Amino acid sequence: MTLDEHAARSRLRDVAPGFKLLYALPPMAMVLWADSVLFSLLVFALMSAALMLKGGARPTDYLRWLLLPAGFLVIGTAAAAVDASASPEAFVVSAPVGGASIGITSAGVEMAAHLCFRALALVSCLYFIAFTTPVADLGRAMASVGLPPLLVEMTLLVYRFVFLLFGTASEMATAQRSRLGYTGAASSYRALSALASNLFVFSARRAEELYVAMECRGYDGSIRVLAPSSEARQQSLAGLALLEAALLSAAIATHSGRLF
Amino acid sequence: MSSSSMLKTEGLRFVWPDGTVALDGVELPILAGQVTALLGGNGAGKSSLLLSFNGILRPCSGRVLLRGQPLDYSTRGLKNLRQEVGIVFQNPDAQLFASSVYEDISFGLCNLGLPESVVRCRVEAAMELVGLTKLVRKPLHHLSFGQKKRVALGGVLAMEPSVLLLDEPTAGLDPKGADGIMRFIRELQRSSGMTVIIATHDIEMVPLFCDRFCVMDRGRVLFEGEIASMFEHRDLIRKAGLRLSRIAHLIEILTTKDGFDLHGTAMTISEARKILKLMKEKWEINGTE
């Protein structure tokens with residue numbers, strides 16, 4: 001299932017997108033600033049709970065999506081933990097390489113842990129939005145806070161056509177595979193280049209067809225559409241403000257007190 | 001039914017920039033309140049003709065008349081024209097661009113500059129009409145081909161056109177879906193008195209749902225007339241790379257090759273049944289004598 005489908009099914013779908021953004025975005029800034037494992041864990045728990053308990057996302061689905069950035073996370077944090085130095089005393093574990101030694105320092109481990117949990121918390125904030133808010137709603141929210149209409153239109157058009165392009169690309173690749181494309185390195189390169197150039201031609205033609213079709217419905221340079229009348233549930237803003245204030249004080253406490 | 005022509009072309013000629021002649025002196029009246037089938041092989045000029053009716057293609061020479069008035073290609077004129085003459089394309093993916101069903105249907109209406117309440121009212125009516133109310137909030141890429149086709153149709157019908165142009169409405173649909181969409185169009189046409197032009201290869205559907213037909217070949221109109229005269233003009237139809245419906249073909253073979261003496265011709269199952277019933281009655285009378 002794509003993220004898009006999760007968003008379309010979410011129980012939190014009807015909550016105003018602005019409200020969801022207000023819930024998930026400020027904690028991201030706080031996590032970056034507080035730089036504390038405890039606070040990061042708190043935000044991660046909050047976002048995950050909201051997304052599964054309130055939004056109704058299945059834990060297995062959520063876990064599968066969390067594994068996606070986990071690979072990058074492990075490689076990135078491992079690199080932060082490893083250090084090189086001339087003196088082997090600084091390391092917890094080390095191996096001599098030439099004149100110097102490479103190993104893991106306790107400071108490196110701490111930094112890696114901070115990095116890892118911070119990244120995890122940030123990912124959970126973004127996933128909260130992705131799992132509960134369809135891109136179209138997000139686009140409307142962007143427009144309502146006064147982002148330039150051109151940007152919003154482009155975002156929504158790209159969103160619509162990315163699926164079309166993706167579908168076409170995979171159909172083309174299947175057709176190529178059925179005629180023994182992608183069997184070796186050389187044939188893979190050849191097939192891929194053919195696919196890319198075909199996709200380009202396809203996109204150009206599709207763009208022209210679309211333009212004609214839009215002209216037929218009176219397009220004059222700006223896309224005007226009406227969103228479905230919003231049945232958006234407006235949650236209590238006071239509650240949200242209270243939550244964010246509590247989070248902020250926790251962030252300040254962890255940041256200044258250096259809890260961990 | 002009124003027999004005045006809603007649309008009319010006079011010596012319409014259109015040449016693509018690469019020199020391909022798409023329309024080569026088309027003379028064609030389209031009668032108001034009728035369903036006209038535009039028949040022709042691939043590259044016969046059907047789609048180009050539809051786009052000329054909508055003012056998308058400007059003729060190199062000749063002209064298109066709507067209600068007796070030549071098309072006005074000014075910005076204002078085109079806006080009015082496109083509200084009155086709506087077109088549904090063959091591939092819904094080429095027509096639908098918005099991120100949800102509701103938004104896409106509202107696009108044409110917003111372009112007409114209608115007030116929001118009117119737009120909402122008409123979007124909802126259009127969705128109800130094409131049976132999409134349950135899919136309002138679905139992203140377009142989650143819909144099936146048939147559903148997308150209905151959305152495309154809904155987006156055009158919402159603009160309440162008096163002429164509806166359909167390019168291959170049944171292509172890519174399963175038999176039930178194809179039949180459903182044609183029945184829907186026929187019923188809508190009957191109740192609203194809309195003029196409908198259908199460019200198609202689906203020859204079986206033509207005698208069932210259309211009043212008139214027009215045969216095109218290499219940018220020219222070979223014939224235009226009532227559906228009932230299709231059988232008579234079968235040579236013309238074959239010349240254009242098309243064929244008769246299976247039933248009509250069967251009747252033709254029975255009379256010309258197998259020596260059956262049939263009363264009249266038939267293109268559809270119901271017409272064929274009438275002929276066969278007549279035959280049966282005749283036999284029974286002969287048998288009792």
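This is a predicted model: local features need pLDDT of at least 70, side-chain atom pairs count only at pLDDT 80 or more; totals for chains, interfaces and linings use all residues.

Trainee: Which residues of helix α6 of chain A are buried?

Mentor: They are A136(A), D137(A), G139(A) and A141(A).

Trainee: And what covers the buried residues of α6(A)?

Mentor: The cover includes α2 and α7 (149–178) of chain A, together with α4 (101–111) of chain B.

Trainee: Which residue with a positive phi follows α6(A)?

Mentor: That is G146(A), with a phi near 95 degrees.

Trainee: Let us move to α9(A). How many residues does α9(A) have, and how far does it reach?

Mentor: α9(A) has 21 residues and spans 30 Å from its first C-alpha to its last. That is close to the 30 Å expected at 1.5 Å a residue.

Trainee: Which residues of α9(A) are buried?

Mentor: L240(A), E244(A), L247(A), A251(A) and T254(A) are buried. Viewed down the axis of α9(A), the buried residues fall within an arc of 90 degrees, so they line one face of the helix.

Trainee: What about the other side of α9(A), which residues are exposed there?

Mentor: A238(A), L242(A), S256(A) and G257(A) are exposed on that side. As for the buried residues of α9(A), their cover includes α2 and α3 (37–54) of chain A.

Trainee: α2 again. How do the axes of α2 and α9 of chain A cross?

Mentor: The axes of α2 (residues 17–34) and α9 (residues 237–257) of chain A come within 10 Å and cross at roughly 5 degrees. α2(A) and α9(A) are therefore roughly parallel to each other.

Trainee: Which residues make that contact?

Mentor: From α2(A), the contributors are F19(A), L22(A), Y23(A), P26(A), P27(A), M30(A), W33(A) and A34(A). From α9(A), they include L237(A), L243(A), L248(A), I252(A) and H255(A). The residues of this contact divide into 15 nonpolar, 2 polar and 1 charged.

Trainee: Now chain B. Is E252(B) buried or exposed?

Mentor: E252(B) is buried, with a relative accessible area of 12%. E252(B) belongs to helix α10 (residues 246–256) of chain B.

Trainee: What does E252(B) touch beyond residues up to four places away in sequence?

Mentor: E252(B) touches F231(B), R234(B), R238(B), L244(B) and K257(B).

Trainee: Last one: where is C60(B) found?

Mentor: C60(B) is in the loop between α1 (46–53) and β4 (61–66) of chain B. With 49% relative accessibility, C60(B) counts as partly exposed. Leaving aside neighbours within four places in sequence, C60(B) is in contact with R13(B), F14(B) and V15(B). The C-alpha atoms of C60(B) and D24(B) are separated by 10.0 Å, with the two residues 36 residues apart along the chain.

How values were computed
Residues are numbered from 1 along each chain as its sequence is written. Chains are lettered from A and ligands numbered from 1 in the order in which they are written. Side-chain values use heavy atoms; hydrogens and water are left out. Axes are lines fitted to C-alpha atoms, for helices over the stretch in contact, and angles run from 0 to 180 degrees between N-to-C directions. Helices (H or I, at least four residues) and strands (E, at least two) are DSSP runs, numbered from the N terminus. Angles under 35 degrees count as roughly parallel, over 145 as roughly antiparallel, 65 to 115 as roughly perpendicular and the rest as oblique. Contact means heavy atoms within 4.5 Å. Ala, Val, Leu, Ile, Met, Phe, Trp, Tyr, Cys and Pro count as nonpolar, Asp, Glu, Lys and Arg as charged, and the others, Gly among them, as polar. Buried means under 20% relative accessible area, exposed over 50%, partly exposed in between (1.4 Å probe, protein chains only). The expected span of a helix is 1.5 Å times one less than its number of residues. The arc is that of the directions from the helix axis to the C-beta atoms.
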